[in-house]
Amino acid sequence: RSRSGLAGGLALAMLASPQCLAAPAGPRATLPLDYSIRHWTGHAGASLRSVEAILQTRDGFLWLGMNDGLCRFDGVQFQVFEPRNTPALPMGYVTCLAEDPNGALWIGTAGGGLVRWQAGAFTVENAAQGLANEQLKALLLARDGRLWIGTDGGGVFVRSRDGAYRQYGAESGLTEPFITGITEDDRGRIVAAGFRQGPFLFDDGRFRRVPLEPPPAQPGAYGL
């Protein structure tokens, strides 16, 4: 449950003994061999064939965002949340996931806005709350507690801790509206990946494009 990967479905490496966690350090250290791998392609109603996002939350659950719903895995069983049993996920297409310090799971969807799971309940935030573009592609919970949201066609939105939204677009230097990834560097600066124009750095209240050296054959960025 501590590691995950994709290979035609979902593959999880499960540590088999506590000794695995205490492998010796140093140049002669070797990887422990006492582990096993299980591969799931469908279980308890979860297709697991098109996983878009994976996140392990602080409580140990593994969450999977899929193109037909959201799945929670406890190491044994899968619990599936989809349009037919979860009204907060009417589109069903989950593209990105993030967790905040309060234990809330933030769920980005393609066409259904931003969904929050906390204490067993779902709530939705969309255009009515200020999230004018509901086609979400990337989420980042920054160190200062703000939630950065990359969208498909609407640039970047930032949700402050009080729930207010602000949008960044061309007027703020972000000339790329199609954002595929967002990250935070070791100095606390935000970097957004543009699908066609590559990375943009947010500094002093504005975005600026970051030239890459040497210039890549294809300038676009597909994730961070």
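## The second largest pocket

By residue class, the lining of the second largest pocket is made up of five nonpolar, four polar and four charged residues. The structure described here is a predicted model, and the pocket in question holds about 180 Å³ of space. Its lining comprises 13 residues, and those that lie nearest the centre are D100, N102, W106, G145 and R159.

## The largest pocket

The largest pocket of the model has a volume of about 220 Å³. It is lined by 13 residues, among which A138, T180, G181, I182 and L224 are the closest to the centre of the pocket. Sorted by class, the lining of the largest pocket consists of seven nonpolar residues, five polar residues and one charged residue.

## Overall architecture

The secondary structure of the protein comprises 19 strands and zero helices. Of its 224 residues, 45% count as buried. Among the contacts in the protein with a separation of 6 or more, 42% are between residues 24 or more positions apart.

## Aromatic pairs and a charge over a ring

A pair of aromatic rings is described by two quantities, the distance between the centres and the angle between the planes. In this model the count comes to 12 aromatic pairs. One of them joins W148 and F207, whose ring centres are 6.5 Å apart and whose planes stand at 85°, so the pair is edge-to-face, the class for angles over 60 degrees.

F202 is buried, as is F207. Elsewhere, one aromatic cluster is formed by W63, F81, W117 and F122. A further arrangement involves a charged residue and a ring, for R72 lies over the face of F61, at 4.2 Å from the ring centre.

## Two buried strand residues

Which strand holds T151? T151 lies in strand β13, and it counts as buried because its relative accessibility is 0%, where the limit for that class is under 20%. Leaving out residues up to four places away in sequence, T151 touches N133, Q135, L136, K137, F157, P177, F178 and I179.

V156 is found in strand β14 (residues 156-159). With a relative accessibility of 0%, V156 likewise counts as buried. When neighbours within four places in sequence are set aside, V156 is in contact with W148, I149, R166, Q167, Y168, L174, I179, I182, A192 and F207. These contacts of V156 therefore include W148 and F207, the two members of the edge-to-face pair. The C-alpha atoms of V156 and L139, which are 17 residues apart along the chain, are separated by 9.9 Å.

Terms used:
Residues numbered from 1 in each chain as written. Predicted model: local features only at pLDDT ≥ 70, side-chain atom pairs only at ≥ 80, totals over all residues. Heavy atoms only, no water. 1 Å grid on protein atoms, 1.4 Å probe; cavity = no way out; pocket = protein on both sides within 12 Å on 5 of 7 lines; lining within 4 Å. Points joined across faces, edges and corners; volume = space filled by probe spheres on them. Nonpolar A, V, L, I, M, F, W, Y, C, P; charged D, E, K, R; others polar. Phe/Tyr/Trp six-rings, centres within 6.5 Å; stacked < 30°, edge-to-face > 60°. Buried < 20%, exposed > 50% of the residue type's maximum accessible area, 1.4 Å probe, protein only. Lys NZ or Arg CZ within 6 Å of the ring centre and 35° of its normal. Helix = DSSP H or I, 4+ residues; strand = E, 2+ residues; numbered from the N terminus. Contact = heavy atoms within 4.5 Å.
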